[in-house]
Amino acid sequence: MSISVRNINKRFGSFQALNDVSLDIPSGELVALLGPSGSGKTTLLRVIAGLESPLPGGSILFQDEEVKERSAHDRQVGFVFQHYALFHHMSVFENVAFGLRVQPRGIRPSRKEISDRVRSLLALVQLEAFANHYPRQLSGGQRQRIALARALAVEPTVLLLDEPFGALDAKVRIELRRWLRRLHDEIHITSVFVTHDQEEALEVSDRVVVMNHGRVEQVGTPEEVYNHPANPFVYHFLGAVNHFAARVENGRAFVAGAELPAPEFAGRAAAAAVGYVRPHEIEIIRQSGEGAAIPALVRMTNGAGPMARIDLERIEDGEAIEVVLSRERFEELELRAGETVYLVPRRLRLFADDAQSLAQPATV
Amino acid sequence: MNTTLNAPLDLTNDAPIATAATDPPAVRRLLIGLALGFLGIFIFLPLMVVLVEAFRGGVGLYLKSISTPDARAALRLTLITAAIAVPLNTIFGLAAAWSIGKFEFRGRSLLLSLIDLPFAISPVISGLIYVLMFGLQGWMGPWLRSHDLQVIFAVPGIVLATMFVTFPFVAREVIPLMEAQGTEEEEAARVLGASGWQIFWRVTMPNIRWALLYGVLLSNARAMGEFGAVSVVSGHIRGLTNTLPLHVEILYNEYNFAAAFGVASLLASLALVTLAAKTAVEWVSGRSHNRLH
């Protein structure tokens with residue numbers, strides 16, 4: 001079932017948690033709401049669930065049905081909480097059965113049906129053997145899977161997960177998120193999960209919604225948001241990035257002593273701009289070309305791991321730059337601290353300072 | 001910088017660090033002895049005195065003193081008062097705790113202070129409040145009299161005063177627990193489709209039941225033993241508006257020591273039953289807690 005959010009606002013006191021948010025989530029997709037803390041991602045999720053009521057105006061549609069005025073218990077959503085929120089006085093079995101047991105007598109399944117449904121859900125999350133355990137006896141990852149089984153028991157139309165892996169340690173987190181992806185591929189329920197971990201969002205989701213200051217900054221597939229960030233915020237938030245103060249004029253960009261082509265600014269009058277380059281999108285050379293390279297000083301190199309990391313300093317203004325090279329290239333270069341080299345951005349993305357314009361990426 | 005780095009680490013000083021658990025045995029025994037001695041002199045001994053004095057005239061006299069019509073009436077009134085005040089306070093206390101512990105609203109801290117009010121003011125004043133409100137010269141006195149209702153110097157006044165004094169116990173026990181538990185489990189129940197009642201009975205209540213029972217027992221102990229507030233509103237009418245504590249006082253003032261101690265022992269045994277129940281609650285809740293671990 002698709003979810004459409006239209007012009008939703010939410011305020012906590014004087015804090016604008018959601019600022020005119022509109023968002024379309026296609027049916028059957030696994031979507032990540034990604035943003036720093038305070039960006040409004042959890043609030044948006046809770047508004048969709050009906051756990052927070054937004055300001056008047058706007059609408060929330062499930063498929064084509066308006067649900068904004070419906071309370072949480074009429075929306076038929078599955079919600080998984082960051083800290084699991086399992087009923088800790090109930091066994092695992094009773095936790096999963098809860099949503100079925102509280103249904104009104106007319107539609108409540110029989111004891112046998114409830115038992116069968118709970119067993120099959122426990123099988124789905126691979127915890128059949130734990131039916132009689134209490135939540136306290138389970139590990140964090142197990143608890144989260146029980147929380148998921150409990151949410152799925154009522155056959156929700158959409159599944160909402162609030163930082164589902166946030167409270168787990170790194171290894172379990174990676175296992176569990178891959179497991180969630182596989183589970184989603186099996187059951188294909190429209191799912192939205194909140195995360196502040198960009199790696200998690202990029203790895204697991206079909207689509208990433210990047211949020212900041214209560215607004216949606218960009219919506220796109222993981223490739224789109226990583227490779228074609230819509231604005232400086234998304235650039236900063238997704239992965240490491242170097243930024244340069246630049247000047248653009250009529251199709252040329254002047255960056256830290258180098259002159260580079262900038263076709264998207266062709267015919268434009270001179271303007272200040274900011275250039276962004278990812279660390280792996282910079283080539284290091286020994287000889288300066290025809291003014292198309294940025295002179296820099298090698299400060300430190302680190303060859304541990306599959307990629308080598310080099311910290312440099314721009315000669316022009318002393319700003320730090322980070323470059324990531326393949327092992328082979330790193331060994332070939334034999335860089336030494338204190339040596340002067342030249343940097344060639346393979347892919348520089350420029351944003352004019354005036355309106356943070358949404359220019360197309362420049363491939364150099 | 002370098003000097004500190006090069007200085008050898010001083011690992012020779014490995015004398016044990018003194019903690020409460022590693023005090024020398026003599027100190028431990030002394031502390032335990034002091035605590036036990038203090039409890040013995042100030043709590044156990046007086047309780048024994050009550051029992052010894054009660055039976056000084058023999059079992060026959062004891063039974064006679066606690067079975068006089070006035071003593072029986074006092075016992076009955078005490079039990080009736082507790083039977084009305086405690087359930088009502090349980091309901092009100094739960095409602096207050098639920099709203100304070102689970103919701104954010106304007107006036108929340110004011111409500112919290114109001115709940116503490118009965119603890120803060122003297123019981124005599126608590127009684128006086130009702131005299132000033134419902135007494136003949138009070139605000140509602142004329143209206144009550146014209147409708148032939150009596151509150152002060154009657155059972156309703158005693159119940160009201162007792163409720164006022166014992167109100168905080170249930171709420172005070174339950175609020176911290178509800179606040180600590182937060183609202184996530186309730187929210188989870190809500191999105192799973194549970195109604196308000198279902199959430200309360202199936203999720204909230206099981207989480208607070210031991211604290212609630214504990215609060216109820218404390219409230220009950222105080223309801224049966226309250227003297228000050230009840231004394232002001234009761235009017236001390238023998239056989240009618242005397243509760244057990246008031247009856248003890250009357251007997252004592254009449255130099256009827258054997259009877260006074262006899263009734264006092266009855267009151268003390270009610271308290272002991274409550275205490276035993278409380279201990280049982282702690283034991284059972286501790287055990288179920290451990291089982292869950």
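## Salt bridges in the model

A salt bridge is a side-chain nitrogen of Lys or Arg within 4 Å of a carboxyl oxygen of Asp or Glu. In this predicted model, A:Lys41 and A:Glu163 form such a pair, with their closest N and O atoms 4.0 Å apart. The pair joins distant parts of the chain, its two residues being 122 residues apart. A:Lys41 belongs to helix α1 (residues 41-49) of chain A, while A:Glu163 lies in the loop between β7 (158-162) and α5 (170-187) of chain A.

Over all chains, the structure holds 34 salt bridges. In general, side chains of opposite charge can pair when their charged atoms come close.

## The interface between chains A and B

The size of an interface is often given as the accessible area lost when the parts come together. For chain B and chain A, the area buried between them is about 2,200 Å², with 60% of it on carbon and sulfur atoms. The contact involves 19 residues of chain B and 27 residues of chain A.

One salt bridge is counted between chain B and chain A. Its partners are B:Glu187 and A:Arg46, whose side chains meet with an N to O distance of 2.4 Å. On the side of chain B that touches chain A, the elements giving two or more residues are α10 (184-191), α11 (196-225) and α14 (257-292) of chain B. Of these, α10(B) gives the most, with seven residues. By class, this side of chain B has eight nonpolar, five polar and six charged residues.

## A nonpolar patch on chain B

On the surface, a nonpolar patch is formed by B:Ile32, B:Leu36, B:Phe38, B:Leu39, B:Ile41, B:Phe42 and B:Ile43. Together these residues have about 770 Å² of accessible area. One of them, B:Ile32, is placed in helix α2 (residues 25-54) of chain B.

## The surroundings of A:Asn9

A:Asn9 is part of strand β1 (residues 3-12) of chain A. Its side chain reaches the backbone nitrogen of A:Asp20 at 2.8 Å. When neighbours within four places in sequence are left aside, A:Asn9 is in contact with A:Gln16, A:Leu18, A:Asn19, A:Asp20, A:Pro54 and A:Leu55.

Note on methods: Residues numbered from 1 in each chain as written. Chains lettered and ligands numbered in written order. Predicted model: local features only at pLDDT ≥ 70, side-chain atom pairs only at ≥ 80, totals over all residues. Heavy atoms only, no water. Contact = heavy atoms within 4.5 Å. Buried area = accessible area lost by both parts, 1.4 Å probe. Helix = DSSP H or I, 4+ residues; strand = E, 2+ residues; numbered from the N terminus. Nonpolar A, V, L, I, M, F, W, Y, C, P; charged D, E, K, R; others polar. Patch = residues over 30% accessible without salt bridge, like charges linked within 9 Å, V, L, I, M, F, W, Y side chains within 5 Å. Areas by Shrake-Rupley, 256 points an atom, 1.4 Å probe, with all protein chains shown as cover. Polar contact = N/O pair within 3.5 Å; in protein donor to acceptor, adjacent residues only side chain to side chain.
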